[in-house]
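Please look over the structure shown here before reading on.

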Amino acid sequence: MMSNQQLPTQPVILGFDPGRDKCGIAVMGVDRQLYYHQVVSAKEAIAQIQTLTQQFPVSFMVMGDQTTAKKWKQQLNQELTSSVNIIFVDERYTTLEARDRYWQMYPPQGLTKLLPKGMRQPPRPIDDIVAILLIERYLNRLTSGNLPEK
């Protein structure tokens, strides 16, 4: 989903939520302008990240710190043609948060509106929204003065 804004003039952050089968990818400016978000298969993830680093002025990547993170980081470092600094972000509760955020971004229509909030299931994978939340968590840490450990 490419948004229709023009390309960013300042560096952007690439968010990556890696998974075994599918991965979420997002590109957001430090001004929190969202430029791209997509769920891709795990097999396509690195190629997609490669394309995005050529399309956008990516300054670094934030990635969830779950169990497969270190393996993904190694793979990214080996396979990306230009090296990208990868910063791990705590990803606890992001899946729950992503579900709420999905309904903020895409307000429920029709009968879904009648369901209690906790019962609404997004109609598609939301790994890309998790990637957006990871970038926001990083930015929130920056603004609160708690700089991440590399």
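## Methionine 63 and its surroundings

Leaving aside neighbours within four places in sequence, methionine 63 is in contact with Phe16, Pro18, Ala69, Trp72, Lys73, Leu76, Ile86, Ile87, Phe88, Val89 and Leu134; contact means heavy atoms within 4.5 Å. This is a predicted model, in which local features need pLDDT of at least 70 and side-chain atom pairs count only at pLDDT 80 or more, while totals for chains, interfaces and linings use all residues. Residues are numbered from 1 along each chain as its sequence is written, and side-chain values use heavy atoms, with hydrogens and water left out.

Methionine 63 lies in strand S4. Helices (H or I, at least four residues) and strands (E, at least two) are DSSP runs, numbered from the N terminus. The relative accessible area of methionine 63 is 0%, so the residue is buried. Buried means under 20% relative accessible area, exposed over 50%, and partly exposed in between (1.4 Å probe, protein chains only). From methionine 63 to isoleucine 49 the C-alpha to C-alpha separation is 12 Å, with the two residues 14 apart in sequence.

## Strand S4 and its partners

Strand S4 covers residues 58–64, and six of its seven residues are buried, so the strand is largely enclosed by the rest of the structure. S4 pairs with strand S1 (residues 12–17) in the parallel sense, over five bridges; two strands pair if DSSP finds at least two bridges between them. Within this pairing, valine 58 in S4 stands opposite valine 12.

S4 is also joined to strand S5 (residues 86–89), by four bridges, and these two strands run parallel. Valine 62 has isoleucine 87 in S5 as its bridge partner. Between S4 and S5 the chain passes through helix H2 (residues 69–79), making a right-handed β-α-β crossover. Right-handed here means that, with the strands pointing away from the viewer, the path from the first strand over the helix to the second runs clockwise.

S1 and S2 run antiparallel and are joined by six bridges. They form a hairpin with four residues between them, and the bridge partner of isoleucine 13 is methionine 28 in S2. Seven of the eight residues of S2 are buried, so this strand is largely enclosed by the rest of the structure.

S2 (residues 22–29) is joined to strand S3 (residues 34–41) by seven bridges, and the two run antiparallel. Isoleucine 25 stands opposite glutamine 38 in S3, and alanine 26 has histidine 37 in S3 as its bridge partner. S2 and S3 form a hairpin with four residues between them, and arginine 32 in the turn has a positive phi of about 70 degrees. Glutamine 33 is found in the loop between S2 and S3; with a relative accessibility of 28%, glutamine 33 counts as partly exposed. Glutamine 33 and valine 12 are 21 residues apart in sequence, and their C-alpha atoms are 9.1 Å apart in space.

## The largest pocket

Which residues line the largest pocket? The lining consists of Asp17, Pro18, Gly19, Arg20, Asp21, Lys22, Glu91, Thr94, Thr95, Ile126, Asp127 and Val130. Helix H3 (94–105) and helix H4 each supply at least two residues of this lining. On a 1 Å grid over the protein atoms alone, a pocket is an open set of points where a 1.4 Å probe fits, with protein on both sides within 12 Å along at least five of seven lines; lining residues have an atom within 4 Å of a point. The volume of the largest pocket is about 150 Å³, where grid points are joined across faces, edges and corners and the volume is the space filled by probe spheres set on the points.

Aspartate 127, one of the lining residues, has its place in helix H4. At 12% relative accessibility, aspartate 127 counts as buried. Its side chain makes a polar contact of 3.4 Å with the side chain of lysine 22. A polar contact is a pair of N or O atoms within 3.5 Å; within protein, one must be able to donate a hydrogen and the other to accept it, and residues adjacent in sequence count only if both atoms are side-chain atoms. Leaving aside neighbours within four places in sequence, aspartate 127 is in contact with Asp17, Lys22, Cys23, Gly24 and Val39.

## Glutamate 136 in helix H4

Glutamate 136 also lies in helix H4, which spans residues 127–143. Glutamate 136 is buried, with a relative accessible area of 15%. A polar contact of 2.8 Å joins its side chain to that of arginine 101. Not counting residues up to four places away in sequence, glutamate 136 touches Met28, Arg32 and Arg101.
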